[in-house]
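Here are my notes for you on this model. Have the sequence and the 3D view open, and go through the points one by one.

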Amino acid sequence: MENLRFDGKDLFIIDQTLLPNDEKWVKIDTCESAYNAIKTLMVRGAPAIGIFAGYCMAIFSNGNDIYKLKKFLDSSRPTAVNLALATQRIVDAYENQKSLIDEAIAIHNEDIEMCRKISEYGLSLLNDGDGILTHCNAGELATSRYGTGLGPLILGKEKGYTFHVYCDETRPLLQGARLTSYELEKAGIDTTLICDNMAGYMMQQGKINAVLVGCDRVAANGDVANKIGTSSVAVLADYYNIPFYVLGPHSTVDFNCKSGNDIVIEMRDGDEIKKKYFEKPTALECTKCLNPAFDVTDNKLITAIITDKGIIKQPYSKTLKEILK
């Protein structure tokens, strides 16, 4: 499933804010439209944002100050570490007089290979017939081929595995409902959509054998920034002794970020809670809303961090450096 197309000249993305009801491809033809696509979640998921930003930097650097362009795009989603990494790679290519388009394509191809490796490592931890809980979206729409959090499921389907997946809807933007269930249905995987607050019930009933989630940033000590609500799922998984796996490319590990306390949490418009995807507001206009996009899952609650470099387990402060540096 594609989320982005580059034909050698023009860049197009599928507008993820319209899924699953409308599959609309949008041409990105200005710096401002690139910024808006990231900010409004038309393109989303840390790896996908990085891929997209790489192409945008390469295309729009012509006639623009590349350093200002990097700063501008970086400001659209500060928590997604892949964004700043991708824009810096294009800046480095520029300074070394390399082809910026070739560098952007390389970022894209490398992500496809990383997702394949992550999917293989993740699948090795699952069993045929497992019940899997997902939160938010970490499939091909959020990354590239296979995905991260959903990668083992999609790869497993190709290899003949049978899973039953329970998708948290993931309020307030409903990525689990709109995107994850959409991707899994398209892949032919047995899928059931649940409300976020039903996860504990499903675990209590013995329906869940493992939890798979993606990540946006991993601190040096193994604390992980995920979509809001993920830490609550981790607490439940810990209580019911269910493996909680975080899957993402090694580039999401930020060794300059010592712990989750150092991760900047993006605060979004409160109207997303009471107005977005509703025909009428669900609360009074005067009612204040708090809308953090991410929360931090404590490393003690994480069974393993699965990267393209391998499966990493406690103690993360030591093992992350050993495997990734």
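1. Let's start with one methionine: does M202 count as buried or exposed? With a relative accessibility of 10%, M202 counts as buried; the cut-offs are under 20% relative accessible area for buried, over 50% for exposed and partly exposed in between, with a 1.4 Å probe and protein chains only. Before going on, note that this is a predicted model, where local features need pLDDT of at least 70 and side-chain atom pairs count only at pLDDT 80 or more, while totals for chains, interfaces and linings use all residues. Residues are numbered from 1 along each chain as its sequence is written, and side-chain values use heavy atoms, with hydrogens and water left out.

2. Stay with M202 for a moment. M202 sits in helix α8, residues 199-204; helices (H or I, at least four residues) and strands (E, at least two) are DSSP runs, numbered from the N terminus. Leaving aside residues up to four places away in sequence, M202 touches Y166, I194, K207 and I208, where contact means heavy atoms within 4.5 Å. For a sense of scale, the C-alpha atoms of M202 and A104 are separated by 42 Å, and the two residues are 98 apart along the chain.

3. Now for the greasy parts. The largest nonpolar core has 35 residues, and L11, I13, I28, F52 and C56 have the most contacts inside it. A nonpolar core here is a set of buried Ala, Val, Leu, Ile, Met, Phe, Trp, Tyr and Cys residues joined through side-chain atoms within 4.5 Å. At least two residues of this core come from each of β1 (4-6), β2 (11-14), β3 (25-28), α1 (31-39), α2 (46-60), α3 (66-74), α4 (81-95) and α5 (100-123). The largest share, 11 residues, is from α2. A second, separate core has 26 residues, including M203, I242, F244 and L324.

4. Not counting residues up to four places away in sequence, I13 touches N3, L4, K24, W25, V26, I28, A37, M42, V43 and F52.

5. Helix α6 (residues 151-158) deserves a look. Six of its eight residues are buried, so α6 is largely enclosed by the rest of the structure. The buried ones are G151, P152, L153, I154, L155 and G156. They pack against α5, β4 (131-134), β5 (164-168), α7 (175-186), β7 (210-213) and β10 (244-247). After α6 comes G160, with a positive phi near 95 degrees.

6. Next, the loop between β4 and α6, which holds C136 and also Y146. C136 is not a glycine, yet its phi is positive, about 65 degrees. Y146, also a residue other than glycine, has a positive phi near 75 degrees. C136 is buried, with a relative accessible area of 10%, and for Y146 the value is 10% as well, so Y146 is buried.

7. How many cavities of 30 Å³ or more does the structure hold? There are two. On a 1 Å grid over the protein atoms alone, a cavity is a set of points where a 1.4 Å probe fits but cannot get out, and lining residues have an atom within 4 Å of a point. Grid points are joined across faces, edges and corners, and a volume is the space filled by probe spheres set on the points. The largest cavity holds about 280 Å³ of space. Its lining has 25 residues, with R44, G45, C136, N137 and D216 nearest the centre. The second largest cavity holds about 30 Å³, and its lining residues include C136, N137 and L150.

8. Two prolines to check. R171 and P172 are joined by a cis peptide bond, with omega about 0 degrees, and P172 is in the loop between β5 and α7. Another cis peptide bond joins Q314 and P315, again with omega about 0 degrees; P315 is in the loop between β14 (310-312) and α11 (316-324).

9. Last, the cysteines. The structure holds zero disulfides, a disulfide being a pair of cysteine sulfur atoms within 2.5 Å. For C257, the nearest cysteine sulfur is that of C215, 12 Å away. The sulfur of C286 is 10 Å from the closest cysteine sulfur, in C289, which is too far for a bond. C257 is buried, at 3% relative accessible area, whereas C286 is exposed, at 66%.

Notes
1 Å grid on protein atoms, 1.4 Å probe; cavity = no way out; pocket = protein on both sides within 12 Å on 5 of 7 lines; lining within 4 Å.
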